[in-house]
Amino acid sequence: MKRLKAHFHRYMIRSLIYKVFTRGILALFAAQLIRFFAPPDWPLARFSSLALMLGLLFALFAVLAWLRCDGLRIPQLRLPRVKRRDPPFLNSDISDHIDDEIVAFDDLDEEEQNVCVLLADALLSALCFALSAIV
């Protein structure tokens with residue numbers, strides 16, 4: 001916990017929210033696709049079973065992120081990204097937020113990225129376990 005507190009800063013909240021949202025939406029989309037295309041008599045076709053499997057998968061990812069935080073060299077799966085260009089109307093300065101600096105996930109150092117991934121996976125794992133218990 002001390003390592004998490006030492007490496008988690010306020011500017012990482014935006015990256016954490018983005019990471020939780022994108023992974024959560026993709027996981028729910030995958031669960032709904034499996035539920036839609038799976039045969040109805042298949043035991044894992046129920047949403048509670050799929051949510052439990054997603055919870056276990058996110059728990060595994062959280063353990064891997066924890067090991068990466070401890071110094072183990074486990075490569076992350078990085079998808080190729082297209083360099084994003086801002087639209088022309090965003091090139092001007094906004095006087096109200098001139099002092100705010102936006103930090104993207106790619107701008108964080110490796111240890112901060114690992115902490116962000118660990119917290120996102122742990123939060124999604126808990127959310128999926130709660131969904132599997134409720135539904």
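Residues are numbered from 1 along each chain as its sequence is written, and side-chain values use heavy atoms, with hydrogens and water left out.

On confidence, the chain has a mean pLDDT (the predictor's confidence in each residue, from 0 to 100) of 81, with 79% of its residues at 70 or more. Helix α2 (residues 13–37) comes out highest, at a mean of 91, and helix α1 (residues 2–7) lowest, at 72. Where pLDDT is low, the predicted coordinates should not be read in detail.

As for the fold, the chain has four helices and zero strands, giving the pattern α-α-α-α along the sequence. Helices (H or I, at least four residues) and strands (E, at least two) are DSSP runs, numbered from the N terminus. Of the contacts (heavy atoms within 4.5 Å) between residues at least 6 apart in sequence, 77% join residues at least 24 apart. Buried residues account for 29% of the chain's 135 residues, where buried means under 20% relative accessible area, exposed over 50%, and partly exposed in between (1.4 Å probe, protein chains only).

The whole structure holds one salt bridge, defined as a side-chain nitrogen of Lys or Arg within 4 Å of a carboxyl oxygen of Asp or Glu. Its partners are Asp121 and Arg23, at 2.6 Å from N to O. Asp121 sits in helix α4 (residues 110–134) and Arg23 in helix α2, so the pair ties together parts 98 residues apart in sequence. Asp121 is buried, at 1% relative accessible area, whereas Arg23 is partly exposed, at 25%.

Together with Leu33, Phe36 and Phe37, Phe29 makes a nonpolar surface patch of about 500 Å². Patches are made of residues with over 30% relative accessible area and no salt bridge, joining like charges within 9 Å and nonpolar side chains (Val, Leu, Ile, Met, Phe, Trp, Tyr) within 5 Å.

Terms used: Predicted model: local features only at pLDDT ≥ 70, side-chain atom pairs only at ≥ 80, totals over all residues. Areas by Shrake-Rupley, 256 points an atom, 1.4 Å probe, with all protein chains shown as cover.
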